[in-house]
Amino acid sequence: MNGPKRKIRYAVVGLGHLSQVAILPAFASARHSELVALVTGDPLKARKLSRKYRIDRVYSYDEYEECLAQGVDAVYIVLPNHLHRDFTIRAAKAGVHVLCEKPMAVSSAECRDMIAAMRRHKLKFMTAYRLHFERTNLEAISLARSGKLGELRFFGSEFSQQVNDGNVRVVEPSRRGGGPVYDMGVYCMNAARYLFGDEPVEVQATSASARDPRFRKTEEMTAVTMRFPGERIATFTVSFGAVDVDMYTLVGTRGSLIAKPAYGYHDPLNLEITIGERTRTRQFAKRDHFAAEMDYFSNCILDGREPEPDGVEGLADVRIIEAIYQSIRSGRAVKLPKESRRRRPSLVQEVHRPAHGAPRTVKVQAPKR
């Protein structure tokens, strides 16, 4: 009789707001993932969070290689977007697997460097698309593929929030991964891709900003149109200067679905499905998205499987982001080279882990007002 699987030992790299409210608490309900080390540039966070989570191995960013050499199987990189490449390649050189927050990097060239480094060292890499393991979005994908909505015709999404002045999302310019497209747009383009089960062939975009000191370095909002094969259209608008909105709509020739909320992890997610004259609403209980994605990745490492949202999946969205900014600069539509993606999320990837409460945080500010 086989014994229980061992747990994958993680170091969490970066102790900002997301790490503190979602990732560190998720280890309590994870079954195959264990928190063994923290990496941070802040001594106060190091002291208080190591005590809270009973972690005796805490390192500065300058001590990252020392951390990687001390019994760590994987790192979860939760750093500003422009640092993802460097910390991934350093992990690869140390023989450590990488789970990296999205967007994967700030350019397709950086994504390719990361993919090459992980492959060269025969390590697992996963882009942290937590919704690829979450029931609501997987049910939407299943419905889209079932044919019950008829021929899929268009997708639309709105995703907005009022971002705090001084948050890294508006402090860093877009060339370093700041702005609403990198932070929120990646959810919308990823949803369009997994619902259509295809890759866009053309992108057109425009951006605008109110006279607000928050938007000195990044745009306030961006609207994007993506053309997909089969004469299908996906549109989305993302904003850092509007009231909270979080939804998408998928419309076919016989029916439609609305996900609202669609992307968040703080509240239960909902689907409204209309087929013919009948409309029904399904609410899905709040779950821990982060424990689920970590355990999925841990099982990939333990079983020798390639993760579905791998580096190529992360690259697919970053190349769209590059086309978006090219379109904004030129004022014209940008053609994308034809790409095929054989692997897509499906219900077999669902991982259910129970939700946790709201933890106390140390020296961080929520990203939104």
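This is a dialogue on reading a few features of a predicted model.

Student: Where should I begin with helix α1, and how many of its residues are buried?

Tutor: Helix α1 spans residues 17-26, and eight of its ten residues are buried, so that the helix is mostly covered, where buried means under 20% relative accessible area. The buried residues are Ser19, Gln20, Val21, Ala22, Ile23, Leu24, Pro25 and Ala26.

Student: What does α1 supply to the lining of the second largest pocket?

Tutor: This pocket has a volume of about 200 Å³, and of the 15 residues that line it, Val21, Tyr265, His266, Lys286 and His356 are the closest to its centre. Helix α1 gives the largest share of the lining, three residues, and α9 is another element that supplies at least two. By class, the lining has seven nonpolar, five polar and three charged residues.

Student: How are strands of a sheet paired, parallel or antiparallel?

Tutor: In general, strands of a sheet pair through backbone hydrogen bonds, and the pairing can be of either kind. Here, an open sheet of nine strands has mixed pairing, in the order β14-β13-β12-β11-β7-β10-β9-β8-β15. Its edge strands, β14 (278-284) and β15 (334-335), each pair on one side only.

Student: In which sense do β8 and β15 pair?

Tutor: Strand β8, residues 202-208, pairs with β15 in the antiparallel sense over two bridges, and Val203 has Val334 in β15 as its bridge partner. Helix α10 (residues 311-330) lies across β8, β9 (221-228), β10 (232-239) and β15, and runs at about 60° to β8.

Student: What should I look for in the backbone itself?

Tutor: As a general rule, most peptide bonds are trans, and most residues other than glycine have a negative phi. In this model, a cis peptide bond with omega of about -5° joins Lys102 and Pro103, and Pro103 lies in the loop between β5 (97-100) and α5 (108-120). Another cis peptide bond, with omega of about -10°, joins Lys260 and Pro261, the latter in the loop between β12 (255-259) and β13 (269-275).

Conventions. Residues are numbered from 1 along each chain as its sequence is written. This is a predicted model: local features need pLDDT of at least 70, side-chain atom pairs count only at pLDDT 80 or more; totals for chains, interfaces and linings use all residues. Side-chain values use heavy atoms; hydrogens and water are left out. Buried means under 20% relative accessible area, exposed over 50%, partly exposed in between (1.4 Å probe, protein chains only). Helices (H or I, at least four residues) and strands (E, at least two) are DSSP runs, numbered from the N terminus. On a 1 Å grid over the protein atoms alone, a cavity is a set of points where a 1.4 Å probe fits but cannot get out, and a pocket is an open set with protein on both sides within 12 Å along at least five of seven lines; lining residues have an atom within 4 Å of a point. Grid points are joined across faces, edges and corners, and a volume is the space filled by probe spheres set on the points. Ala, Val, Leu, Ile, Met, Phe, Trp, Tyr, Cys and Pro count as nonpolar, Asp, Glu, Lys and Arg as charged, and the others, Gly among them, as polar. Two strands pair if DSSP finds at least two bridges between them. Contact means heavy atoms within 4.5 Å. Axes are lines fitted to C-alpha atoms, for helices over the stretch in contact, and angles run from 0 to 180 degrees between N-to-C directions.
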